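Hi,

Here is the structure for you to look through. My notes follow below it.

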Amino acid sequence: MNEILVLAEHRGGELRDVTFEMLGKAGALAGASGGAVTALLLGAGVRDMASRLTSYADEVLVVDHGNLTDFNSAVYQPVIAEVVKSREPSLVMVGHTAFGVDLAPSLAVALGLPLASDCIDVVLDGGAVSVTRQIYGGKVDARLSFRDSATALVTVRAAAFPVEDGARSGSVTELDTPVSDEPAFRRFVQYVEAAIGDVDITKSDVIIAVGRGIKEEENLALVEELAGLLGGVVGCSRPVVDAGWLPKDRQVGSSGKTVKPKLYVAIGISGQFQHMSGMKAAETIVAINKDPKAPIFSEADYGIVGDLFKIVPALKEKIAEARA
Amino acid sequence: MNIVVCVKQVPETAEADLKIAAGGKGIVEEGLALQINESDNYALEEALLITEEHDGDITIMTLGHESSEEVLRMSMAKGAGTAVRVADPAFDGGDAIATATALAAALKDVEYDLVLTGCMASDDGATQVGVALAELLDIPHATYVTEVEVGSGEVTVGRELEGGLIEKLTIKLPCVLGIQTGINEPRYASIMGIARASKREIELKSAGDMGLDASSVGAAGSGTVLEELTFPPVGEGADILEGTPSEASGKLADILKEKGFV
Ligand SMILES: Cc1cc2nc3c(=O)[nH]c(=O)nc-3n(C[C@H](O)[C@H](O)[C@H](O)COP(=O)(O)OP(=O)(O)OC[C@H]3O[C@@H](n4cnc5c(N)ncnc54)[C@H](O)[C@@H]3O)c2cc1C
Ligand SMILES: Nc1ncnc2c1ncn2[C@@H]1O[C@H](COP(=O)(O)O)[C@@H](O)[C@H]1O
């Protein structure tokens, strides 16, 4: 293993957590294999970010250019491709984020690199890279290796690895890799913030969250009553919003809200990572699900396995009794 | 506005009790219900809405075994005019880029202004095929798309980023868009439509038909190699409250009371 190249991700002038998570993992892999950790940072006026990265990498490669202000894979991809081609790192890590998924497959095709996406673990054995990724909504783990390629490309799931304090003292290298103008075929227009609704679920100590298991919109009354009894608000997984049963501001997860209530009750939610990333910091998590193998039980503190249409009514009664 | 929609048939696994097949390289598929991948259903609906407003034909395309013709027929029942199944044992076991390679070859002799895919297949969760396909076709792309507005020669799209932030872009046609769930309200096929679609022809394309070398697709053409499937480690896991619904709920109510929530 010679070099592990980590693509630094940032938005609105802030480096995103996934960058440090990947650099931490890259550091551990490099430590075991005697390789070097390199961060690649593209942006405009990114000197502060670059210096922050030096404690996590042996070298920080910077392409600083006005055309790189906002992420646009059409502009970023050729620059990254150029850098990867010239350095031939053994491993390239990109976040499995909205940014990374729009970029990595096109980078892989352009360079003829093998790509494993949404990895939750990366292992180096000798020179060989292998990864673990989840399939079937988190119910099965798949271990993948790479067919002989000098460089393996992976996208890494957010929060798969912890953020550790940086203990390196890398140097900053400014690259003069050419940067194209934003092409006419793909132009960034603007960012639009999610609309603010009338209930801010992030402020509530108690969230009763409901998922696809609720089956019909009419059945929501059941969880609303439970939320009422516990003085909480109703949140939900994405399919409930997709179906139009609850507004977007009630959605918990990577493309919704990140919540940290004292109590989170997940009802009929399987616990795919896009949901769990938004709620796993809750103090106490209770899951009610008829599938004993639902991934939500691995994150929950307490679980009841069974039919929510039997359990929620019984729970309401028991809570009323406990109160009396 | 001619649109190609790439769809995949996937097993329903959220509620199923999955078993890993002997050899550890696949799951036991027997007994699992098969359905159109969730985001692909939204992609098809988006194509129907666009062609209703701007005219044009829809070609529905899948790479899959014979069972996946069910998904093609259901899509024709809703209004897709042409159906293509990219079918060859040579495609078996391909990773996302190998799959995109075969789909790109199948698109060579189709006329299109727009290609829609789902953003992620719920079985492999790769989140790669649409973007890889665009690069192979050498046309622009955007994925995680939750808004599409058709202009002249271009589309304005909204991409959903973390936290629900929307990135607005304009993209020239032809392009590939990876559609995210929730963008519209997918319709149901009518009984009449289903009856009519059952008699329609599905075009089959083999590797040879498309001039693809078998070594460039399927498992042989994949850069990644599946080594082994396992069930995720359970870790600490939840304290499961046992008993009848009433007993288990009683235990939970006690815990919630103890913690001061009741
Ligand atoms: C880019 C991207 C972003 C995403 N962002 C988010 C996000 O922010 N938030 C989010 O939630 N999802 C998000 N998703 C979707 C995510 O991948 C899952 O599809 C979603 O979380 C599944 O929701 P669910 O658990 O309600 O449904 P399912 O996975 O279908 O699970 C339903 C569960 O209900 C259980 N059930 C069914 N009937 C009963 C019953 N009678 N009693 C008890 N249990 C029952 C089943 O056993 C199952 O576990 C995103 C996906 C993508 C690709
Ligand atoms: N075998 C296939 N046939 C047709 N389309 C596919 C196939 N596999 C993936 N796709 C499309 O690509 C999208 C992303 O899939 P994936 O990259 O596997 O997560 C899916 O939502 C489909 O629209």
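**What I found**

B:E242 is exposed, because its relative accessibility is 52%. Exposed means over 50% relative accessible area, buried means under 20%, and partly exposed lies in between (1.4 Å probe, protein chains only). B:E242 sits in the loop between β13 (239–240) and α6 (245–258) of chain B. Helices (H or I, at least four residues) and strands (E, at least two) are DSSP runs, numbered from the N terminus.

This is a predicted model: local features need pLDDT of at least 70, side-chain atom pairs count only at pLDDT 80 or more, and totals for chains, interfaces and linings use all residues. Residues are numbered from 1 along each chain as its sequence is written, chains are lettered from A and ligands numbered from 1 in the order in which they are written, and side-chain values use heavy atoms, without hydrogens and water.

Next, some backbone angles. Most residues other than glycine have a negative phi, and most peptide bonds are trans.

- A:E88 is not a glycine, yet its phi is positive, about 45 degrees. The residue lies in the loop between α3 (73–87) and β6 (91–95) of chain A. A:E88 is partly exposed, because its relative accessible area is 48%.
- B:D138 is not a glycine either, and has a positive phi of about 60 degrees. Its place is the loop between α4 (129–137) and β7 (141–150) of chain B. B:D138 is exposed, because its relative accessible area is 68%.
- B:L173 and B:P174 are joined by a cis peptide bond, with omega about -5 degrees. B:P174 is in the loop between β9 (166–172) and β10 (175–179) of chain B.

Best wishes
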